[in-house]
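Look over the sequence and the model, then read on.

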Amino acid sequence: MIAMAAYIFHWLITGCQDRARGEASSLSSQISDALVDSVNLGVAEAFQSQKAIEEEARGLHAQARQFHKQTSQWMASIRVFDDALKELGDFDNYVHTLEWDIQTVADALERIITQQNKQQQQQQQQQQQQLQQPQQPQQ
């Protein structure tokens, strides 16, 4: 009977140990799954963040390209405007030079006319003086 009691005791202990092993195995499996899920959740969040960052970077890159294109167009417009201003400055200088040349010619013509008028007046005065002097008989 003792042998039988020992056998039953052994059987109970073995059964309990087997059951405890099964429960421990089940719990360790659940813990392992929970840890894997936790790690996977962090990886998924990092992956989503990376996707969002990459999308934002693509958007910023597109905006930078558009800004560069617009800036290049502005620079071209400014160059054209600057060239037009230079041409206006050259034309203004040309007009001033032309005005000075015309004024110089006009002044020269005025002096010539004034001298001619003086000469004509002197000639007329000489002719009048000659007419007013009595004519002396010729001998």
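Buried means under 20% relative accessible area, exposed means over 50%, and partly exposed lies in between (1.4 Å probe, protein chains only). F91 is exposed, with a relative accessible area of 52%. This is a predicted model, where local features need pLDDT of at least 70, side-chain atom pairs count only at pLDDT 80 or more, and totals for chains, interfaces and linings use all residues. Residues are numbered from 1 along each chain as its sequence is written, and side-chain values use heavy atoms, with hydrogens and water left out.

**Overall build**

The protein has 1 helix and 0 strands. Helices (H or I, at least four residues) and strands (E, at least two) are DSSP runs, numbered from the N terminus. Helix α1 covers residues 2-132. Of the protein's 139 residues, 0% count as buried. Accessible areas come from the Shrake-Rupley method with a 1.4 Å probe; for residues, only the protein chains shown count as cover.

**The aromatic pair**

The structure holds 1 aromatic pair. F91 and Y94 form it, and their arrangement is tilted: 6.4 Å centre to centre, with 35° between the planes. Rings of Phe, Tyr and Trp (its six-membered ring) pair if their centres lie within 6.5 Å; planes under 30 degrees apart count as stacked, over 60 as edge-to-face, and the rest as tilted. F91 and Y94 are 3 residues apart in helix α1, so about one helical turn separates them.

**Salt bridges**

How many salt bridges does a search of the whole structure find? It finds 2. A salt bridge is a side-chain nitrogen of Lys or Arg within 4 Å of a carboxyl oxygen of Asp or Glu.

| Salt bridge | Closest N and O atoms |
|---|---|
| E55 and R58 | 2.8 Å |
| K86 and D82 | 3.6 Å |

E55 and R58 both lie in helix α1, 3 residues apart. K86 and D82 also both lie in helix α1, 4 residues apart. E55 is partly exposed, at 48% relative accessible area. D82 is partly exposed too, at 34% relative accessibility.

**A nonpolar patch**

F67, W74, M75 and I78 make a nonpolar surface patch of about 450 Å². Patches are made of residues with over 30% relative accessible area and no salt bridge: like charges are joined within 9 Å, nonpolar side chains (Val, Leu, Ile, Met, Phe, Trp, Tyr) within 5 Å. I78 sits in helix α1.
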